[in-house]
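Open the model in your viewer and keep the selection panel at hand.

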Amino acid sequence: MFSNAPTKNPTVLAWLEDKIKLVNPDKVVWIDGSDEQIEALRAEACSTGEMIKLNQELLPDCYLHRTAVNDVARVEGRTFICAPTKEEAGPTNNWMDPSEAYEMLYDIAKDSYKGRTAYIIPYSMGPVGSPFSKAGIELTDSIYVVLNMCIMTRVGFNVLDSLGDSNDWVRGLHCRCDIDEEKRYICQFPQDNTIISVNSGYGGNVLLGKKCFALRIASYLGRKEGWMAEHMLILGIEYPNGDVKYITAAFPSACGKTNLAMLIPPEFLKNKGYKVWCVGDDIAWLRVGADGRLYAVNPENGFFGVAPGTNDKSNPNALATTMRDTIFTNVVHDLDNNTVWWEGLNDNPPVNAIDWKGNPWDYRKYDKNNKAATAGAHPNSRFTALAKNCPCISSEFNSTVGVPVSAIVFGGRRAKTAPLVYQSFNWQNGAFVGSIMASETTAAASGAVGVVRRDPMAMRPFVGYNMGDYWAHWIEMGKKIPNAPKIFHVNWFRTDDNGNFIWPGFGDNMRVLLWILDRCEGKVDAVETPIGYVPKVEDLQLEGLDIDEATIKELLRVEPDWWKEDIVNIKEFYELVGDHVPAEMYEELAALEKRLG
């Protein structure tokens, strides 16, 4: 079957032969990642209507795609960790017995490529040849998937050359089938380095290098091999003297993660010569370096960003990145100039337009209270864009050794409990801070507002094994990093009694990051509180901010009664995670309770 295959790796060829026999395509194509092949695939996708070529003068090499109406987001309820036992998957994951899962999935996948082409995508998560990086092969019947993977990962035959005869690669099978949501499954088999996704065409479920590999499978591999795969952005802050310090940060959704990753310094810091560089907006792989520091790489090659709300004010760097080589999914098609639009882009919605479902759209009927039914772009519509096109992309983006991490930052959306920023007492206490990370639901999320949802390290949907064992891995890693980063928590979302945000956020968050780095360098003192160290007001760079000292003190206030209430909720969550919660986490919880009095 593979007389002309670009690899002789026996494990790769045996797996592919087996799976191609199962799905039974009319034709098999190896993806080499070349410009010529990508251009030919784009043309083919446009000829069948799978994609629409946009205005090439305004948006060079940009295309529009629409997914099925029933297939517009990641589906946590249909996502399974198929570990050998339910206990290994843990109570925060959906579990399925591996042998039952394989049988069911192969039954769904059987002959599903009939009349279609099978595309074999060899790809690397991380720069090819880096000791951080891992290889994968995705078999798919979707040109959309191929073109997205060519943006989001490093695709090409050099991946196969680098892999050689090794069996250390991740198998990924994607079958569009009938896009039947009742038979939609995204299954990870961590012990087999395998991912199978059926009946979806939406990026988050079918770009198997992303959350499936780079977090669920990689977190399992990291525990086994002594490194970490985390749902974290990586950014560098350049000081006026040219020094660059790096921070990784984990936030649940709707907490401004991408905006922080591509932050633009406030005017007064920009004028002093400060700059911010984006290494990654979503995922970090972390290893201990020879010098005893923790180093981070971004395993991705692009950004898979949410379009609505992205504009010249909220994230000009992200918007600029989308201006070329981008695939837009489920946004508005502006027919007058053959470009795209989405809610929150600007105040000029197109008059002659097609919505994300492919129907004529009248912007005058848009109702903010009923976004799902009246929006032109789906609320989870996306852009897939090359990281190299980002104006603030770091010169270290393709580094094979990664960047040294000074600080790890956790964050959540809390109206009252968490102060603007605090530093943990040590690594173990920092791991505890990550384990209790939480956000309160907003009106956008669901009917109930202010409900606390625990999302440890922002990894709740992405840990490939038992959450308690994941925390234990964090504690173990702390013992292996001689010069460990310091760990902090931020909360940009504290509100006043009228529900208004007190802190301006966006670019002004850099003021907090500079204090964090000052603490890492031992340049400033801090105030000890029951939860950790908070800044002295005079140590925050507040120049040009229209906020008085009393308001800053309120932002930094640690109110014991709020925390005592929170502890009740933390204990409930720990009970949910169950008997795999490490003893160290309960020690930290007891110590916090004691300090609160």
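**Cavities and a covered strand**

Begin with the second largest cavity, which has a volume of about 40 Å³. The model is a predicted one.

Now colour helix H13 (427–435) and helix H18 (583–596): each supplies at least two residues of the lining. H13 gives the largest share, three residues.

Next, go to the largest cavity, where about 80 Å³ of space lies. Select Arg414, Ala418, Tyr422, Val433, Ile436, Met437, Ala438, Arg454, His489, Trp563 and Asp566 for its lining. Here the division is seven nonpolar, one polar and three charged. A search of the whole structure finds four cavities of 30 Å³ or more.

Then move to strand E9 (residues 169–175), where seven of the seven residues are buried. Show the side chains. In a regular strand they alternate between the two faces of the sheet. In E9, Trp169, Arg171, Leu173 and Cys175 point one way, while Val170, Gly172 and His174 point the other way, and all are buried.

Leu139 has Leu173 as its bridge partner in E9. Finally, select strand E11 (residues 194–198): five bridges join E9 to E11, and the two run parallel. Stop at Ile196, the bridge partner of Leu173 in E11.

Methods
Residues numbered from 1 in each chain as written. Predicted model: local features only at pLDDT ≥ 70, side-chain atom pairs only at ≥ 80, totals over all residues. Heavy atoms only, no water. 1 Å grid on protein atoms, 1.4 Å probe; cavity = no way out; pocket = protein on both sides within 12 Å on 5 of 7 lines; lining within 4 Å. Points joined across faces, edges and corners; volume = space filled by probe spheres on them. Nonpolar A, V, L, I, M, F, W, Y, C, P; charged D, E, K, R; others polar. Helix = DSSP H or I, 4+ residues; strand = E, 2+ residues; numbered from the N terminus. Buried < 20%, exposed > 50% of the residue type's maximum accessible area, 1.4 Å probe, protein only. Pairing = 2+ DSSP bridges.
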